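Here are my notes, as promised. Have the model open while you go through the points.

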Amino acid sequence: MRPVLEMCTPDPFDLWPVADVERFGFLPLGGELSPAEVGAAIASIAGFNDSVDEDGPPRPADPLSSFLHGLLAFENVFAAGGLQVTDTSTGVTFQPGCCDGLEDWRDWHRFADVGSLLGFGHDPVSPMAERFGDTVRLTVNGEQSDSPVIELSVTELRTLLDAAERDLTGFFALATDWIAQHLPGHRAPVTAALARALGLAAPTATPQPQATEPRFARQGAGRDRSHLGESGQGSVRPVPVSP
């Protein structure tokens, strides 16, 4: 099991370095990604949330802030993708569906606890997870009666979820450093938005020591979703952050 992000890096893109990745393919997230892969992932997440609400704050004029507008201005952000499961003995792979998002990955824990059916998409491909006692069945496509399936125990699922969370936190640590280097002027809000998109706790700000005299001024501090189209924009309207 790996957390994967559906890639939708805008093309062309020149706001920061990005890796050349397959458009609408899945990028496994973890702590071993290259800086360019992290940059491509951040660009994809920003692109998924690149929308404007008529009742929300206006889009900034400068290209960088304009592209990051969805991450900077809205509370509800998402990252298309989810948890990918591969049965190494059969080669069957359970992929996230079109209605799946990394921000909802903790639903798998509730599924392990309660056992309610999890659905991740709709026709023509509908991945779903079902629990029968202590056995979990992952159906690759619920629209097909002969769909490949993966079966595992609830105990195995919990172990896999722990590993997936380690992958997510490893990626988030890389991304936090990447944001500090490439987006220093938007560090705090982009980092917090990324945490929400990954379903992780936002980092706690480190208290800064009080300045001693003399003081010097520093300038410049500073759920059913339709599948995304080629523009990288979804039909979901984010909720503006209250001022």
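1. A disulfide here is a pair of cysteine sulfur atoms within 2.5 Å. By that cut-off the structure holds zero disulfides. Cys98 is in no disulfide: the nearest cysteine sulfur belongs to Cys99 and is 3.9 Å away. Cys98 is partly exposed, at 22% relative accessible area, while Cys8 is buried, at 2%. (Buried is under 20% relative accessible area, exposed is over 50%, and partly exposed is in between, with a 1.4 Å probe and protein chains only.)

2. A word on what we're looking at: this is a predicted model, where local features need pLDDT of at least 70 and side-chain atom pairs count only at pLDDT 80 or more, while totals for chains, interfaces and linings use all residues. Residues are numbered from 1 along each chain as its sequence is written, and side-chain values use heavy atoms, with hydrogens and water left out.

3. How many aromatic pairs does the structure hold? Nine, counting rings of Phe, Tyr and Trp (its six-membered ring) with centres within 6.5 Å; planes under 30 degrees apart are stacked, over 60 edge-to-face, and the rest tilted. One of them is Trp108 with Phe111, edge-to-face at 6.3 Å centre to centre and 80 degrees between the planes. Both sit in helix H4 (residues 107-114), three residues apart, so about one helical turn separates them. (Helices, H or I of at least four residues, and strands, E of at least two, are DSSP runs numbered from the N terminus.) Trp108 and Phe111 are both buried.

4. Trp108 also pairs with Phe120: the ring centres are 5.5 Å apart and the planes at 15 degrees, so this pair is stacked. Phe120 lies in the loop between strand E5 (118-119) and strand E6 (128-132), so its pairing with Trp108 in helix H4 ties together parts 12 residues apart in sequence. Phe120 is buried, as is Trp108.

5. Elsewhere, look at Phe13, Trp16, Phe67 and Trp178, which form one aromatic cluster.

6. Last, the second largest cavity, with a volume of about 30 Å³. (On a 1 Å grid over the protein atoms alone, a cavity is a set of points where a 1.4 Å probe fits but cannot get out, and lining residues have an atom within 4 Å of a point; points join across faces, edges and corners, and volume is the space filled by probe spheres set on them.) Its lining is Ile42, Ile45, Leu71, Val190, Ala193 and Leu194.

Terms used
1 Å grid on protein atoms, 1.4 Å probe; cavity = no way out; pocket = protein on both sides within 12 Å on 5 of 7 lines; lining within 4 Å.
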